[in-house]
Amino acid sequence: EFRRMARKLSKKNGGDIPKTILFTSANRGEGKTTAAACLAITLAKHYRKRVVLVDCDLRKPRTHTLMEVAQRPGLSDALDRGNLLGSDIRPTALDTLYVVPSGARRDEPTWLLESLPGSRVMAELLGSFDHVILDTAPNVAVPDALLLTADVDGVVLVLRAGITPREVIHRGVQLQLDEKENVLGLIVNNLERVLPYYYDYKYYGYGASESESSSREEE
């Protein structure tokens, strides 16, 4: 239930839902893009916030498909030129929810994403929206998510219970904590579902140590 997740995020952040939230996973196929979209929808629909969902997975982007918008132009094009244009930002069926798709494919996506923190593009997103939700590539295979971690308010990791090996989960979490201790929680996904069935996801709090993560209770 993503409204409950939003309340949990608010509690963890001193009463306010974090402005910038990064979604990642340890492996492909965990459901991170759907989870990011679900939280964005929840904040726009139930909290009436201006929200932008940004596809930072420049390697295998899916946000444009999930949200049924054109892939180009988008984030890669904005980073190349150094600023956002109106054409980079897509409206959706919800009047307060917008999408910045991945944009045109690039040969060196890591180098391009490295320029996002502190950039004019990011400043324009932060200035125009109440919440910026970033969907990034899995963090064990490539460093893209880690490059953005220090500049966001919090990170949510998504895993598929019963599929993702425990050691891979721990590795993904530890990589994030090594960058910055701003992991807000884990979303554990057990069902092969897509929008609009997003209330079948479960949100879990996360403790920084292995012993805490193994004994955490569903919230």
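Here is a working chat about the predicted model shown above.

Trainee: Before we start, what sort of model is this, and how are the residues numbered?

Mentor: This is a predicted model, where local features need pLDDT of at least 70 and side-chain atom pairs count only at pLDDT 80 or more, while totals for chains, interfaces and linings use all residues. Residues are numbered from 1 along each chain as its sequence is written, and side-chain values use heavy atoms, with hydrogens and water left out.

Trainee: Thanks! How many helices and strands does the chain have?

Mentor: There are nine helices and eight strands. Both are DSSP runs, numbered from the N terminus: helices are H or I with at least four residues, strands are E with at least two.

Trainee: And what share of the residues is buried?

Mentor: Of the 219 residues in the chain, 54% are buried. Buried means under 20% relative accessible area, exposed means over 50%, and partly exposed is in between (1.4 Å probe, protein chains only).

Trainee: What about the accessible surface of the chain?

Mentor: The accessible surface comes to about 9,800 Å², and 47% of that belongs to carbon and sulfur atoms. Such areas come from the Shrake-Rupley method with a 1.4 Å probe; for residues, only the protein chains shown count as cover.

Trainee: Let's look at strand 6. Why is it described as largely enclosed?

Mentor: Strand 6 covers residues 154-160, and seven of its seven residues are buried, so the rest of the structure largely encloses it. Both faces are covered: Gly154, Val156, Val158 and Arg160 are buried on one side, and Val155, Leu157 and Leu159 are buried on the other.

Trainee: Which strands are joined to strand 6?

Mentor: Strand 1 (residues 20-25) runs parallel to strand 6 and is joined to it by five bridges. Strand 7 (residues 183-189) also runs parallel to strand 6, with six bridges. Two strands pair if DSSP finds at least two bridges between them.

Trainee: Which residues stand opposite each other there?

Mentor: Phenylalanine 23 stands opposite valine 156 of strand 6. Valine 158 has isoleucine 187 in strand 7 as its bridge partner.

Trainee: Switching to the inside, what does the largest nonpolar core look like?

Mentor: The largest core has 32 residues, and Val54, Leu75 and Leu125 have the most contacts inside it. A second, separate core of 28 residues includes Met5, Ala36, Ala37 and Ala44. A nonpolar core is a set of buried Ala, Val, Leu, Ile, Met, Phe, Trp, Tyr and Cys residues joined through side-chain atoms within 4.5 Å.

Trainee: What does leucine 75 touch?

Mentor: Not counting residues up to four places away in sequence, leucine 75 touches a list of residues including Val54, Cys56, Val100, Leu113 and Val121. Contact means heavy atoms within 4.5 Å.

Trainee: You mentioned Cys56. How many disulfides are there?

Mentor: The structure holds zero disulfides, a disulfide being a pair of cysteine sulfur atoms within 2.5 Å. Cysteine 56 is buried at 0% relative accessible area, and cysteine 38 counts as buried at 0% too.

Trainee: Now the backbone. Where is there a cis peptide bond?

Mentor: A cis peptide bond joins arginine 72 and proline 73, with omega about -5°. Proline 73 lies in the loop between helix 3 (63-66) and helix 4 (75-81). Most residues other than glycine have a negative phi, and most peptide bonds are trans.

Trainee: Which residues have a positive phi although they are not glycine?

Mentor: Arginine 48 is one of them, with phi about 55°; it is in the loop between helix 2 (32-45) and strand 2 (51-55). Glutamate 68 has a phi of about 60° and sits in the loop between helix 3 and helix 4.

Trainee: Are those two buried or exposed?

Mentor: Arginine 48 counts as exposed at 51% relative accessibility, and glutamate 68 counts as exposed at 72%.

Trainee: Last one: what is arginine 28 in contact with?

Mentor: Leaving aside neighbours within four places in sequence, arginine 28 is in contact with Asp57, Arg59, Lys60, Ala137 and Pro138. Its side chain makes a polar contact of 2.6 Å with the side chain of aspartate 57. A polar contact is a pair of N or O atoms within 3.5 Å; within protein, one must be able to donate a hydrogen and the other to accept it, and residues adjacent in sequence count only if both atoms are side-chain atoms. Arginine 28 is partly exposed, at 39% relative accessible area.
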